[in-house]
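Today I opened a new page in my notebook to go through a structure piece by piece. Come along and look with me.

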Amino acid sequence: VCSSDLGESQATLLGEYWASRKMVFHRVGAGPRRRHAGTARFVRDAYATANLNFPNPEMLPEFDEYDAENVFDRSLPALLETDQNIRAFHAAFKSASGPSAHRHTFQKLFEAVISKWVHGEISPANVELWPDFCTRVNFGLTKFLAAGTSGERVAIFTSGGPIAVAMQCALALSSEKTLQISWMSRNCSWSEFLYSSGRFTLSSFNVHAHLDDPTMLTHR
């Protein structure tokens with residue numbers, strides 16, 4: 001989230017919201033991207049302003065996002081040669097006029113290409129496969145939670161893909177539903193899960209009560 005002034009504001013609002021409710025976190029983790037650590041930092045600064053403690057995040061490489069840009073860039077040329085639906089989405093994108101239509105048509109194209117990767121129809125060289133991505137995130141989640149103690153509250157700062165994999169784990173979602181969930185996460189929203197030995201369940205998803213200004217609600 002924190003790759004822009006807007007992202008910094010969203011993260012600060014999240015920290016202020018949690019701090020105002022005296023939400024105590026015992027451990028914090030963050031994925032390896034700069035925006036993951038940046039979001040955690042601005043939340044921590046908001047806690048410090050409120051004279052509350054917020055743990056330094058542990059870097060969790062397993063919570064990196066999947067490489068969607070490389071999947072898209074390396075797969076699109078061949079798909080334009082062989083796939084009629086992709087050609088239609090691409091033509092709509094190229095002919096779109098205005099920023100809103102441009103974003104909408106690109107998202108349709110992007111989702112169609114990534115869906116093929118999720119279903120194993122394309123596998124660009126030197127790019128992690130979807131099943132391997134899910135295995136990586138699940139391993140990281142299991143390892144981080146197993147290191148905890150009873151009654152603790154933890155936070156992990158990551159991206160839409162790993163959040164969707166956690167949803168898949170909690171709700172036994174198909175790959176297609178998991179991918180659809182990954183498009184839904186608002187920037188700097190949070191999802192809450194309950195966990196204990198042998199149990200991992202969803203409590204809430206995509207909460208953004210701290211972002212009550214519509215201009216603060218963004219995706220990706």
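I started with asparagine 126, which is exposed at a relative accessible area of 79%. My cut-offs are these: buried means under 20% relative accessible area, exposed over 50%, and partly exposed in between, using a 1.4 Å probe and protein chains only.

Before going on, I noted that this is a predicted model, where local features need pLDDT of at least 70 and side-chain atom pairs count only at pLDDT 80 or more, while totals for chains, interfaces and linings use all residues. Residues are numbered from 1 along each chain as its sequence is written, and side-chain values use heavy atoms, with hydrogens and water left out.

Where does asparagine 126 sit? I found asparagine 126 in the loop between α5 (99-118) and α6 (130-146). Helices (H or I, at least four residues) and strands (E, at least two) are DSSP runs, numbered from the N terminus. The phi of asparagine 126 is near 65 degrees, a positive value in a residue other than glycine. I wrote a reminder beside it: most residues other than glycine have a negative phi.

Next I looked up alanine 172, in the loop between α7 (160-171) and α8 (175-182). Its phi is near 55 degrees, also positive in a residue other than glycine. Alanine 172 counts as exposed, at 68% relative accessibility.

**Aromatic rings**

How many aromatic pairs does the whole structure hold? My search gave 18. Rings of Phe, Tyr and Trp (its six-membered ring) pair if their centres lie within 6.5 Å; planes under 30 degrees apart count as stacked, over 60 as edge-to-face and the rest as tilted.

I picked out phenylalanine 110 and tryptophan 183: their ring centres are 5.9 Å apart and their planes are at 65 degrees, so the pair is edge-to-face. Phenylalanine 110 lies in helix α5 and tryptophan 183 in the loop between α8 and β4 (190-196), so this pair ties together parts that are 73 residues apart in sequence. Buried or exposed, phenylalanine 110? Phenylalanine 110 is buried at 4% relative accessibility, and tryptophan 183 is buried at 13%.

Then I checked tryptophan 117 and tryptophan 130, an edge-to-face pair with 5.8 Å from centre to centre and 85 degrees between the planes. Tryptophan 117 is in helix α5 and tryptophan 130 in helix α6, 13 residues apart. Both tryptophan 117 and tryptophan 130 are buried.

I also listed one aromatic cluster, formed by Tyr17, Trp18, Phe25, Tyr47, Phe54, Phe157 and Trp190.

**Charges and strands**

A charge sits over a ring if NZ of Lys or CZ of Arg is within 6 Å of the ring centre and within 35 degrees of the ring normal. The charged end of arginine 27 sits over the ring of phenylalanine 144, 4.2 Å from its centre. Arginine 153 lies over the face of phenylalanine 25, at 5.8 Å from the ring centre.

Arginine 27 also stands opposite valine 154 in β3. Strand β1 (residues 27-30) pairs with β3 in the parallel sense over four bridges. Two strands pair if DSSP finds at least two bridges between them. Three strands form an open, parallel sheet in the order β2-β1-β3. β2 (58-59) and β3 (154-157) are at the edges with a single partner strand each, so one side of each is left without a neighbour in the sheet.
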